[in-house]
Amino acid sequence: MEQLIQVIAATQNPSLRQQAEAQLTSFQNTDFSQYIVSLIQILSTATLPTNIRQSAGILFKNLFPIKGSHKAQSLKIWNEISNDTKMIIRKTVCSLLSEQDNNIILIGGNIISNLANLDLPQGQWPELMPFLLTDGSVAKLKTIGFITEDIPFIPFAPFIEQVENLCISSLTKSFDHCISALTIFENMISFEKIMSNPTERKKILEVLLTAVKHNHPAIKTKGFQAISTFTELYIEYFSEIGKTIMEVTSDILKQPMSIEIEDLQKTVLHLWRTVASNERRYNDHYPNNPPLKIVISVIDELKNLIIHIISFVDDPNDDIDENDLSFIAQDTLYDLSVSVGSGLLVSLSPQILSLYTNPDWKIRFQALSTFACLVVPNDDPITLLRQHVNQIVNLFNDPVPLNRATVIYCIIKCIKHYPKMFDDFLKIHASNVFSMFKDCPIVKKAVSSFFSTICDPQTGVNCKLFLNGEAVTSIIRTFLDESMRNTSISECTSYLTASGNVVRGCCSGEMAITIIRFILSDCMSTQLFNSSDLLGYSILFLDSCVSATKNGTSGNEVISTLLSNKPICDSLFGIAIKAFSMTPEPSLMLIGSLCYSLEASFAPYCLPLIPKTVEWLNTELPPNIYKLLCELVGDISITIQKEFEQYARNYLELILRIFKKPYLTFGDKTGIIQVIGDIIATCPKESQIAVPTVVEILSGVNTVQSEEEDEIIRAVSELRTAAFYVYSTIYQNYVIDDVIPFVKITIQLIYISVSDKFFSKMPQLINYIPNTIYDIIHNQSAIKSPEFIGEMNNGNIPKLIGTMKEVCSDNECKKMLQSITRYLHIQ
């Protein structure tokens, strides 16, 4: 244990951290059970420094993540640990709640929560909840709060009445008791079976309404946070509390600006943003239901309160931060405006237009910002917008820097929503906006945002109507010059980001080469490539330039101009390799762009990359970096297929080891699985020995469950599709008896996918499954296997094909299913 303590201490020293983390990984892989017990022992040793104890606790907690797709892997790891070891761990972490050090109590509660979310759904650790419900201490209340963040309803249901009673009795105790109890009530809102019961819902809402009326600002804030959670999940019930919430809102937002009330006012504004966005979501999702009209019912009073808060700014020379009250008020008014449409702009325009020339700078700022908030997509009267824009351009010379910057942001907002309507304006005023880059920092930042927006291809502005090649080069050079000498990191990053968007939207291939040459000759010795804070952004800018080398003069993709500039390619490749240790993600993106741009001409760089990628894959890295690395390996395998064969087996072993890491997301795993398929397809002979391991690991995909959220449904669909791609690759390349054990796993995943209640929302998966079935039946070993013959004889395969035909809408998919039907003689 002493050695582990020393290694944990070393992780807190930047110069020793990488080596120490590698040692921790070695301890973990050598004897996992001993490793986790040692971590718990260190955490519970009161004589050790708090930072060492905390680090040990965090290391343990992170081994068992329970969010999203990580939970299944954590459950598998936890269930493999012996019962005796688990009992030691449970007892020890519970004892931490009696510690005097709040930091140790907090990490103990978090560990208990993670383990409870693994144990309670399995009917294990039955003594936990009775222990937590005994004395109503703040430590135990907080731990129940942690547990209720993620616990499913069913394993928690037996304790709900006791928990509610404990929380209600805690509300009138200390401040910490009250906040902890409100946290539990907020978490319980996610239990639909409770909130769909009018009596239970009323009980919880009454508690929360009492909280928002409390005298203590922090308790009010906590109450409003809980109401926001309720609103996000059950907007259809908001009318039950809407009147009271509006009354309390009015009282809070009418109060003058003060540091004591600021956080509460921000939380109230956030609630109304939540109301607006979720009302729109509900009305879009349930078009046959009577539409909710919450925002319309309060907008007349609420808009005045919010417009008043927009003027809460102090310094006319400072930019507004996204956490400032005025900024949040503007976002809230915009969300409300989206819900009610352009009517607000129409009704308020006469007053706003009259205030642009008001002698008070704050009123001019308020008018400009309010106008920007009322510009909403799709239904604004264009004539009225132009009337505003034609008037506010006169404020380009406003004596107040904040107002000059705000004018630019107003114009950006109009162009974002209506890119085709302001071509004439841009022809006249783009150069005027650029000339303002000589102004003070907050105006410079607004100018860079302006060009970043109008040149971003996603905005939809045709920059070539008002920016010729000379102007584009001048803008990029000016932004780069400023980023080389400016001492503000945030300003430099905004200039580099803007430069990248200008390159992507406006540069031809030849112009991109010119910009790259400038970077290589004039920028390499500056802070752009010598500051750790700016290096990543500088590499991303180079990545934009490399991508633009395939732009023709009219924006059409052509052969990359890099193909005739090998010295430049060599330099860019060297920069990316050198920068990897400090900024791996941008470096890999740059290498990926070089591969895409050079195509077959990237081959000379592949062999030098092989030892580097092997080294990097053997290093502890964030999950997204592993994914990018694996994708690069896939690109190398395709680019130099013959030369890659000797490395295929080693790469597969490395990638499969990475795939087992518990913290990979669905997206990470999907990308890595696709690369595994690419390597098998490229080098089937060299990969054959690893195929059983591949299938064994991929069988874990069969246990992944989808949920109602669209993002999770899409992620599960992509993950399963990637697994089927690998299975198809195996069937296409191995007509041997070794295929037979894989048939059962493949068919099982097909059944799981087709029977998924969200299968109809997975078009990518629907369209790919027929390909895998086709590959199975055209593999002589697979189609003759007892597993497949049995599934045919019992009618499961014909039934499966019938189900697929019902949900398939893609023509190619339908043709594939018809071909399968004929081949198998299915009636």
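**Close-up 1. Helices H33 and H35 run roughly parallel to each other in this predicted model.** The two helices, H33 (residues 603-617) and H35 (residues 641-659), pack at an angle of about 20 degrees, and their axes are 11 Å apart. The crossing of H33 and H35 is left-handed. On the H33 side, the contact is made by Leu 607, Ile 610, Thr 613, Val 614 and Leu 617. H35 answers with Glu 643, Tyr 647, Asn 650, Tyr 651, Leu 654 and Ile 658. Sorted by class, this contact has eight nonpolar residues, two polar ones and one charged one.

**Close-up 2. Leu 719 is a buried residue of helix H39.** Here we look at Leu 719 within H39, which spans residues 710-733. Its relative accessibility is 2%, so Leu 719 counts as buried. Setting aside neighbours within four places in sequence, Leu 719 is in contact with Phe 666, Lys 669, Thr 670, Ile 673, Val 701 and Val 704.

**Close-up 3. Ser 113 is a buried residue of helix H7.** Helix H7 covers residues 102-119, and Ser 113 lies in it. With a relative accessible area of 4%, Ser 113 is buried. Apart from neighbours within four places in sequence, its contacts are Ile 66, Phe 146 and Ile 147.

**Close-up 4. Phe 156 and Phe 191 form a tilted aromatic pair.** A search of the whole structure finds 22 aromatic pairs, and this view shows one of them. The rings of Phe 156 and Phe 191 are 5.8 Å apart centre to centre, with 35 degrees between the planes. Phe 156 belongs to helix H10 (residues 153-156), while Phe 191 sits in the loop between helix H12 (175-188) and helix H13 (192-195), so the pair ties together parts that are 35 residues apart in sequence. Both Phe 156 and Phe 191 are buried.

**Close-up 5. Tyr 282 and Tyr 286 form another tilted pair.** The ring centres of Tyr 282 and Tyr 286 are 4.8 Å apart, and the planes make an angle of 45 degrees. Tyr 282 counts as buried at 12% relative accessibility, whereas Tyr 286 counts as partly exposed at 37%.

**Close-up 6. Ring pairs build an aromatic cluster.** Look here for Phe 434, Phe 437, Phe 450, Phe 451, Phe 479 and Tyr 495, which ring pairs link into a cluster.

Technical notes:
Residues are numbered from 1 along each chain as its sequence is written. This is a predicted model: local features need pLDDT of at least 70, side-chain atom pairs count only at pLDDT 80 or more; totals for chains, interfaces and linings use all residues. Side-chain values use heavy atoms; hydrogens and water are left out. Axes are lines fitted to C-alpha atoms, for helices over the stretch in contact, and angles run from 0 to 180 degrees between N-to-C directions. Helices (H or I, at least four residues) and strands (E, at least two) are DSSP runs, numbered from the N terminus. Angles under 35 degrees count as roughly parallel, over 145 as roughly antiparallel, 65 to 115 as roughly perpendicular and the rest as oblique. A crossing is left-handed if the near helix is turned anticlockwise from the far one by less than a right angle, and right-handed if clockwise. Contact means heavy atoms within 4.5 Å. Ala, Val, Leu, Ile, Met, Phe, Trp, Tyr, Cys and Pro count as nonpolar, Asp, Glu, Lys and Arg as charged, and the others, Gly among them, as polar. Buried means under 20% relative accessible area, exposed over 50%, partly exposed in between (1.4 Å probe, protein chains only). Rings of Phe, Tyr and Trp (its six-membered ring) pair if their centres lie within 6.5 Å; planes under 30 degrees apart count as stacked, over 60 as edge-to-face and the rest as tilted.
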